[in-house]
Amino acid sequence: MPAGSNSREGDTARRTRIHVVSDVHGNTEALARAGDGADALVCLGDLVLFLDYADHSRGIFPDLFGVENADRIVELRTARRYEEARDFGRGLWAGLDRNAAIVGAVRHQYAEMFAVLPTPTYATYGNVDIPDLWPEYARPGTTVLDGERVEIGGRVFGFVGGGLRTPMRTPYEISDEEYAAKIEAVGEVDVLCTHIPPDVPELTYDTVARRFERGSRALLDAIRRTRPRYAVFGHVHQPLVRRMRIGATECVNVGHFASTGRPWALEW
């Protein structure tokens, strides 16, 4: 079951090809091409771009408050000075309807991105997404799954969205217990699709941010117990290790789609 190959030379039977993306963060132009040549697109979430840590001029935050303030809040967060960052942010938001401003900007981004998703697309939420808004924008060709399974090309795919709670307090962070329950609901699958990685240091460490992101122990335990062929995820933009085997399972960070614009391919 080779993955990542772009060639079908020598095929004598119909093959299935799936493209997988994660951490789209507003890259609508590349998303419109992400399904080209594939039988289906799998999207592991984080469609929203609140603030681009590589380019502080991009995202909802600099659109509202300017690049200089974006520079400052990135500086504070990168230094793990989270309380100072929250205090700084509260000062900027004073007198504004924060929820209305953010939801309005997210709606605009969702309208653009959901409109370019190919049919069929199978998607789950990232930690910066707002799940309550997805039903308004997901078209009939897009199937949204969270703690659920679906068959694609004769293989069973399981989906678990969102992230675990952190000091960043992003919109779709849930408790370890709620996350574990969704993992349990998925059960045994061929391909386990999540936004966050299993709790393995090499997979959770971001080499640019120089910090460990939160991975899931329940996900790691499920991989060891149910032995899916693949576990695919995103969330960590510049991981120490992008791919490793855990027992019988190939664990793959499919990449930071916002910057690469390239999907990861799975073919059988």
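**Exercise 1. Determine how many residues the largest nonpolar core has, and which of them have the most contacts inside it.**

The largest nonpolar core of this predicted model has 55 residues, and those with the most contacts inside it are Val21, Val24, Leu31, Leu47, Val106, Tyr110 and Tyr179. A nonpolar core is here a set of buried Ala, Val, Leu, Ile, Met, Phe, Trp, Tyr and Cys residues joined through side-chain atoms within 4.5 Å, where buried means under 20% relative accessible area, exposed over 50% and partly exposed in between, with a 1.4 Å probe and protein chains only. Helix H5 (residues 98-116) supplies the largest share of this core, 6 residues. Helices (H or I, at least four residues) and strands (E, at least two) are DSSP runs, numbered from the N terminus. A second, separate core of 20 residues includes Ala40, Val42, Tyr122 and Leu266. In soluble globular proteins, nonpolar side chains tend to be buried together.

Two conventions apply throughout. Residues are numbered from 1 along each chain as its sequence is written, and side-chain values use heavy atoms, with hydrogens and water left out. Because the model is predicted, local features need pLDDT of at least 70 and side-chain atom pairs count only at pLDDT 80 or more, while totals for chains, interfaces and linings use all residues.

**Exercise 2. Work out which residues Tyr110 touches, and which aromatic cluster includes Tyr110.**

Start with contact, which means heavy atoms within 4.5 Å. Leaving aside residues up to four places away in sequence, Tyr110 touches Leu47, Val48, Ala115, Asp129, Ile130, Leu133, Trp134 and Tyr137. Next, consider the rings: Tyr110, Phe114, Tyr125, Trp134, Tyr137 and Tyr172 form one aromatic cluster. Rings of Phe, Tyr and Trp (its six-membered ring) pair if their centres lie within 6.5 Å, and planes under 30 degrees apart count as stacked, over 60 as edge-to-face and the rest as tilted.

**Exercise 3. Classify the ring pair of Phe65 and Trp93, and decide whether these residues are buried or exposed.**

By the ring rule the count comes to 12 aromatic pairs. For Phe65 and Trp93 the centres are 4.9 Å apart and the planes stand at 85°, so the pair is edge-to-face. Since Phe65 lies in helix H2 (residues 60-65) and Trp93 in helix H4 (residues 82-93), the pair ties together parts that are 28 residues apart in sequence. Both residues, Phe65 and Trp93, are buried.

**Exercise 4. Give the strand order of the open sheet that 5 strands form, and trace the pairings of strand E2.**

The order is E4-E3-E2-E1-E15, with mixed pairing; two strands pair if DSSP finds at least two bridges between them. The edge strands, each pairing on one side only, are E4 (142-144) and E15 (264-267). Strand E1 (residues 17-21) runs parallel to E2 over 4 bridges, and His19 has Leu41 as its bridge partner in E2. On the other pairing, 3 bridges join E2 to E3 in the parallel sense, with Cys43 opposite Ala123. From E2 (residues 40-43), Ala40 and Val42 point one way and Leu41 and Cys43 the other, and all are buried. In a regular strand the side chains alternate between the two faces of the sheet.

**Exercise 5. State the order of the open sheet that 6 strands form, and name its edge strands.**

The order is E5-E6-E9-E12-E14-E13, and the pairing is mixed. The edge strands are E5 (148-152) and E13 (243-246), each of which pairs on one side only. E5 and strand E6 (residues 155-160) pair in the antiparallel sense over 5 bridges, and Glu151 has Val156 in E6 as its bridge partner.
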